[in-house]
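Please keep the sequence and the model in view while reading.

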There are 4 protein chains.
Amino acid sequence: MSDKLFFASDYMEGCHPAILERLTQTNYEKTAGYGTDGYSEAARQKIRMLCNAPAAEIQFLVGGTQVNETVITSLLRPYQGVLAAETGHIAVHEAGAIEAGGHKVLPLKQEYGKISGDAVREYCRAFYADANHDHMVMPGMVYISQPTEYGTLYSLNELRDLHDACRQFGLYLYADGARLAYALAAEENDVTLLDLAEQCDVFYIGGTKCGALFGEAVVMADPGLIPHFFTIIKQRGALVAKGRITGLQFDTLFTDNLYEEAGRHALAEAEKIKAALKKYGYQFFFETPTNQIFIVLDNETLKTFGQKCEYSYWEPFDENHTVIRLATSWATDGADTEALIQLLETLSH
Amino acid sequence: MSDKLFFASDYMEGCHPAILERLTQTNYEKTAGYGTDGYSEAARQKIRMLCNAPAAEIQFLVGGTQVNETVITSLLRPYQGVLAAETGHIAVHEAGAIEAGGHKVLPLKQEYGKISGDAVREYCRAFYADANHDHMVMPGMVYISQPTEYGTLYSLNELRDLHDACRQFGLYLYADGARLAYALAAEENDVTLLDLAEQCDVFYIGGTKCGALFGEAVVMADPGLIPHFFTIIKQRGALVAKGRITGLQFDTLFTDNLYEEAGRHALAEAEKIKAALKKYGYQFFFETPTNQIFIVLDNETLKTFGQKCEYSYWEPFDENHTVIRLATSWATDGADTEALIQLLETLSH
Amino acid sequence: MSDKLFFASDYMEGCHPAILERLTQTNYEKTAGYGTDGYSEAARQKIRMLCNAPAAEIQFLVGGTQVNETVITSLLRPYQGVLAAETGHIAVHEAGAIEAGGHKVLPLKQEYGKISGDAVREYCRAFYADANHDHMVMPGMVYISQPTEYGTLYSLNELRDLHDACRQFGLYLYADGARLAYALAAEENDVTLLDLAEQCDVFYIGGTKCGALFGEAVVMADPGLIPHFFTIIKQRGALVAKGRITGLQFDTLFTDNLYEEAGRHALAEAEKIKAALKKYGYQFFFETPTNQIFIVLDNETLKTFGQKCEYSYWEPFDENHTVIRLATSWATDGADTEALIQLLETLSH
Amino acid sequence: MSDKLFFASDYMEGCHPAILERLTQTNYEKTAGYGTDGYSEAARQKIRMLCNAPAAEIQFLVGGTQVNETVITSLLRPYQGVLAAETGHIAVHEAGAIEAGGHKVLPLKQEYGKISGDAVREYCRAFYADANHDHMVMPGMVYISQPTEYGTLYSLNELRDLHDACRQFGLYLYADGARLAYALAAEENDVTLLDLAEQCDVFYIGGTKCGALFGEAVVMADPGLIPHFFTIIKQRGALVAKGRITGLQFDTLFTDNLYEEAGRHALAEAEKIKAALKKYGYQFFFETPTNQIFIVLDNETLKTFGQKCEYSYWEPFDENHTVIRLATSWATDGADTEALIQLLETLSH
């Protein structure tokens, strides 16, 4: 083990200890496979309650790219594509998973990772106004991330406006919640699980980056939205044989508010770091309300910083400066945060 | 929890307790993602040693269907299909995953789940003799399972013959080892990991059904066989963010021979059941050397049996009889085996 | 040019001379592209009349494999496959086009190229009775050919029964009419265009093998069956820029009964050959009511025959005999038929 | 027939009359199918000569989208995408054909439809410099059009630079020559067929828009570049049964320099129109060296113009002006050109 600090990302540790405890307790139970077990069902019930969507179909898959590809392929028809921020995960960092499934990602201009209802409307109006639009990929869905890849948040008003734009042009609205715990816990956040279930046709609650070993919970309030979704999940290689392992993780995270707490802890640690960054005069690339922090360092400072702390390289800022990302998580140790703040202080002199 | 016996399948329990222990011990370590961590690398080294393939590329994926689709798509060219027993998992129970990836499964007649080098040769000869073969799907690969879906085994001679047939006609040989532990531990087995690495272009070592929570280890002795396999894995939604969770599981299973023992235990329990079945005059559908047992029960007996014990329905035998499958696993409790034997005795009167 | 006789297939000549005349007459007209021109519309109207389907959507594509892939991809959902005779064109001779589009061809036992409503029912019942059917490819469509690849015909009763079986199990019924002219003109045929439009969700009227340079007319009585079919056609590379060329060919073939006559001519020539084969004691592989004739020749005779006449090799019959196919077409010259009969007489001595 | 002038596009008429003559002359010849006939072979030989590529593989397909999808799918591996001008035909007007084949179109900034070697290098350098590039779609090919969708031309130097950039980063270079005749005949053009064969891994010679009824000739100087290309063509529904129809068209176009002349005629007519536009003070959107002319009209003038002449709407210029395209072709009648010039004069007062 390195003695370096680690603030490179939010999926470096294992999982909330309560999960390991329950996995251990239940290890020798014999349950049905493929998510038909009691733990999965219990998790579903808890999520349905939180979403106020008593009939919701909920499926537990393994990872985000897999969920995105499976949901998008399930909903789109062959002639349709999916609108996304040009910085969206599906547009950039899924190695062409959506295209491998046969669909074009239609990139929209974004601001700090976000797109707006008006951007969607403008795209659709231009599309339908184009005399050749039946030679073009029809938009069939809008993909957003909450929080975005830049750690920013959609407000409830913005989400509603996206919802309205989608209804207006016959698009599905789908939200990628890989880091949803860190949105739900943010002070400025006003979008609840209930809102997501109401405004989005499909969204998923991220487990992998929010306290689980792995796993994402796909939620659709309308259980008839994707007929035979189970079989599509199987076909896409996304069906977990021992589905109870995923189900039990979500059941645990949604017991005693662990999911909420996981988010709150990460954000509390992030707040300390942000405060220190301000105090010591560091430059933010832009400010975020969640657990991802983007700052600009001069390259000399970065070199020293990098020897003491793992971070994520983001992009060059200018010839002499670089944008980096620091991330806290449900598992961030307060002592590490203190050590990081110490380091930031030292380097600021 | 039910008080019924459970012999329906081999993926109903959690995982080998040593895995949970190590997950717990290492829970707060911070490691790099996507399988680039030290646990994954340690597991790779152990597998490379056992395979005598020091340069082998080894990747850890989540489940079998996912592995099959990813490997097959990676190796085949657009005009090629994959030969498989008509009972092969990819031919029947993967919901069309291979076709969704663009490739036809070319079914071969089988015997108890097995195909032969000669069957491959015959298919290929007929194919190339056909004047229209360039209007047809060219065979590009042979898929086998070890053990097969029927619990039977390829001998080393049979495997070598398949290998030779593949070389003769320019086909890749790929072995699905979802239940490999139960092959390796079988008394009649003479195919080692080393043999698999030598005879097959690619094979995978099953974790999910052999003592892991989830996970399959894909092995190719020739590390250059699939350029950019990592990116294809990502694209297919098969890349685990916290790759260390999978790596650590395989590292554990290949420490102190746990994988071997997992197989041996299941087979010892299966042997007890097979002996009892013989003793009490039950009819085998066919005999298998591994952990899956196929028997024929009259429907009346089955009804009573089913009230006491979970089993897998296989197929109708005749109007009054049914084929069922019983399976043991690494986790089968000796007391349950005894109770099952008791039940079998009672029902035989 | 060879001085050999040619009875190898029905797409060796150009097209009905009336088509070339009209292409020449209209060559410098300037019309809108992509099938929106007046000739295409006129052809549609004629076909709608013959099908008694005034609202039918009709699109003109280039070739059969293209039509099959485009229609099947348009109608099936990702989790569905298409039932077809194991000898069906899509199952054997389209180089995996359907699988490349993501769908499995589910082969059914056939008799002389035909499948029955009961075979469909049996497959579907077994499928839905299988406890694992949601891990399997769901049948979503039945594909038939009229006439079949073996030159045989479905009767109206058989077609209706297939239609009923499809309705019973929620399947689309699709008929490949690559050689439809040779079905419509057959004495024993009782299936009209109107019947096809009524019983099938989609079918196509073959042009390429029935008197056109190229082109197939896809017909669906329900114009709302495939939303945005035009765009899917474009996406699949099947949209002809100068759509009027295809439209005008069908307009010509459906003027003055040319399509019907094309069929009648081929069948009259085929009848002469069949009569001669009987008279001279040749062995039929099986008898067909259409323009394809399957006979068994001893290999020595075949050698001589092959020096005088091009034929299609079909399959070995036994060690000393071979099955060959002879085909007439709309263009078969009576003099050639006479020469063939002469040759058959000579060889029979 | 309308009495309007037609300058909307270059695929409104039929074909060069010499083609119809030869189709008529050869109509009853019986030739082998699928492009294995003598006419196709003769056409291939002529093209090989012009390309100085005696071993080149040449295949005749039907239309451009089909060619693009088939070639790109054949050359790219699953993890690769294709770089193209963001205005490229595959990026905009093929209804997602490339994505339906599983590959992402990676858009590059363009200038009047063109991209540069340096733009390719910059993209690739940034790609390989990105720490996450193995989570991203790797560029595997560059797609260009000659002439571009905007009627502009690559010079030989520019083409060579693209070739060099491709070699540097392991990319295939592919040129879409849908309107190639209009490039070859342009005064400023210095890129010959021979240059295209030398600099591009694959390119195609457009027939549909350059004097044929339909058809595109795919040329690759290295005949081993795409193994089993024939079968892929079949699979993609792009194999013409009566291949001789396409072959004969290209054989005709490359006899007596008809292809060259077709281009020259269109450009001569275009030059007259361009001269008139300048004379009467019209505003060019930008100037092109080929048969497509882009001008800006005020909306009032456009209304009158549109009543007399069919044109292609391109895009809005500003609130009161619109960009339109006029196109000449191999078939443009000099009298129509005169009438158009007359109209332009009238409207300029």
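The contact between chain D and chain B, where contact means heavy atoms within 4.5 Å, takes 20 residues from chain D and 20 residues from chain B. The model is a predicted one, in which local features need pLDDT of at least 70 and side-chain atom pairs count only at pLDDT 80 or more, whereas totals for chains, interfaces and linings use all residues. Residues are numbered from 1 along each chain as its sequence is written, chains are lettered from A and ligands numbered from 1 in the order in which they are written, and side-chain values use heavy atoms, with hydrogens and water left out.

**Chain D against chain B**

About 1700 Å² is buried between chain D and chain B, 59% of it on carbon and sulfur atoms; buried area is the accessible area (1.4 Å probe) that two parts lose on being put together, summed over both. On the side of chain D, the residues that lose the most area to chain B are D:Arg77, D:Tyr79 and D:His135, which together account for 33% of what that side buries. Two helices of chain D, H3 (64-75) and H10 (229-235), are the elements that give two or more residues to this side, and H10(D) supplies the largest share, 5 residues. Helices (H or I, at least four residues) and strands (E, at least two) are DSSP runs, numbered from the N terminus.

**Chain C against chain D**

Between chain C and chain D, 43 residues of chain C are in contact with 43 residues of chain D, and about 4100 Å² is buried, 60% of it on carbon and sulfur atoms. In chain C, the residues losing the most area to chain D are C:Tyr11, C:Lys30 and C:Lys242, together 19% of what that side buries.

The table sets out the polar links of the two interfaces. A salt bridge is a side-chain nitrogen of Lys or Arg within 4 Å of a carboxyl oxygen of Asp or Glu; a polar contact is a pair of N or O atoms within 3.5 Å, where within protein one must be able to donate a hydrogen and the other to accept it, and residues adjacent in sequence count only if both atoms are side-chain atoms.

| Interface | Salt bridges | Residue pairs in polar contact (both at pLDDT 80 or more) |
|---|---|---|
| Chain D and chain B | 0 salt bridges | 6 residue pairs |
| Chain C and chain D | 2 salt bridges | 24 residue pairs |

One salt bridge joins D:Lys30 to C:Glu13, with the closest N and O atoms 2.4 Å apart. Among the elements that give two or more residues to the side of chain C that touches chain D are H1, helix H5 (97-100) and H11 of chain C, and H1(C) gives the most, with 4 residues.

**Symmetry of chains C and D**

Chain C can be laid on chain D with an RMSD of 0.0 Å by a turn of 180° and a shift of 0.0 Å along the axis, the superposition being by least squares on the C-alpha atoms of residues with pLDDT of at least 70 in both. The two copies are therefore related as by a two-fold rotation axis. Of the residues of chain C, C:Leu20 comes closest to that axis, at 3.6 Å (C-alpha). The same surface serves both copies, since 100% of the contact residues of chain C recur in chain D.

**Helix H11 of chain C**

Helix H11 (residues 243-253) of chain C is mostly covered, with 11 of its 11 residues buried, that is, under 20% relative accessible area (1.4 Å probe, protein chains only). What covers the buried residues of H11(C) includes helix H2 (38-51), strand E7 (202-206) and helix H12 (258-279) of chain C.

Notes. Buried means under 20% relative accessible area, exposed over 50%, partly exposed in between (1.4 Å probe, protein chains only).
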